[in-house]
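Dear colleague,

Please find below the sequence and the structure that I am handing over to you. My notes on what was found follow directly after.

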Amino acid sequence: MITQEKIDRINALARKSKTPEGLTETEREEQKVLRAEYVAAFKQSLVSQLDSTYVLRPDGTKEKLIKK
């Protein structure tokens with residue numbers, strides 16, 4: 001799970017990367033790790049949401065989405 005503190009840090013690093021001084025090598029690595037963690041949490045959230053999604057057919061039946 002990604003915390004608000006980590007999201008704030010991602011945003012702070014993104015803002016700093018756009019400044020003339022840029023990011024240090026350590027900060028670039030930290031940004032890479034935090035972004036990967038954020039993407040993994042986002043994907044897990046999406047999978048969880050899709051696991052509880054059903055398709056309602058015109059005849060009234062419900063069909064659970066299947067993973068391909």
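**Contacts and burial of I2**

Leaving aside residues up to four places away in sequence, I2 touches I7, L34, E37, Y38 and A41. This residue belongs to the segment before α1 (4–17). I2 has a relative accessible area of 16% and is therefore buried, since buried means under 20%.

**Confidence**

Please note that the model is predicted. The protein chain has a mean pLDDT of 94, and 100% of its residues reach 70 or more. Among its elements, α1 has the highest mean pLDDT (97), while strand β2 (residues 62–64) has the lowest (92).

**Two residues of helix α2**

Q31 is placed in helix α2. Its relative accessible area is 9%, so Q31 is buried. Not counting residues up to four places away in sequence, Q31 touches L13, A14 and L23.

F42 also lies in helix α2, which spans residues 25–51. At 51% relative accessibility, F42 is classed as exposed, because the term applies to values over 50%.

**A nonpolar surface patch**

F42 is one of the residues of a nonpolar patch on the surface. The patch is formed by Y38, V39, F42, L46, L50 and L65, which together have about 530 Å² of accessible area. Y38, a member of this patch, is also among the residues that I2 touches.

With kind regards

Methods:
Residues are numbered from 1 along each chain as its sequence is written. This is a predicted model: local features need pLDDT of at least 70, side-chain atom pairs count only at pLDDT 80 or more; totals for chains, interfaces and linings use all residues. Side-chain values use heavy atoms; hydrogens and water are left out. Helices (H or I, at least four residues) and strands (E, at least two) are DSSP runs, numbered from the N terminus. Buried means under 20% relative accessible area, exposed over 50%, partly exposed in between (1.4 Å probe, protein chains only). Contact means heavy atoms within 4.5 Å. Patches are made of residues with over 30% relative accessible area and no salt bridge: like charges are joined within 9 Å, nonpolar side chains (Val, Leu, Ile, Met, Phe, Trp, Tyr) within 5 Å. Accessible areas come from the Shrake-Rupley method with a 1.4 Å probe; for residues, only the protein chains shown count as cover. A salt bridge is a side-chain nitrogen of Lys or Arg within 4 Å of a carboxyl oxygen of Asp or Glu. pLDDT is the predictor's confidence in each residue, from 0 to 100.
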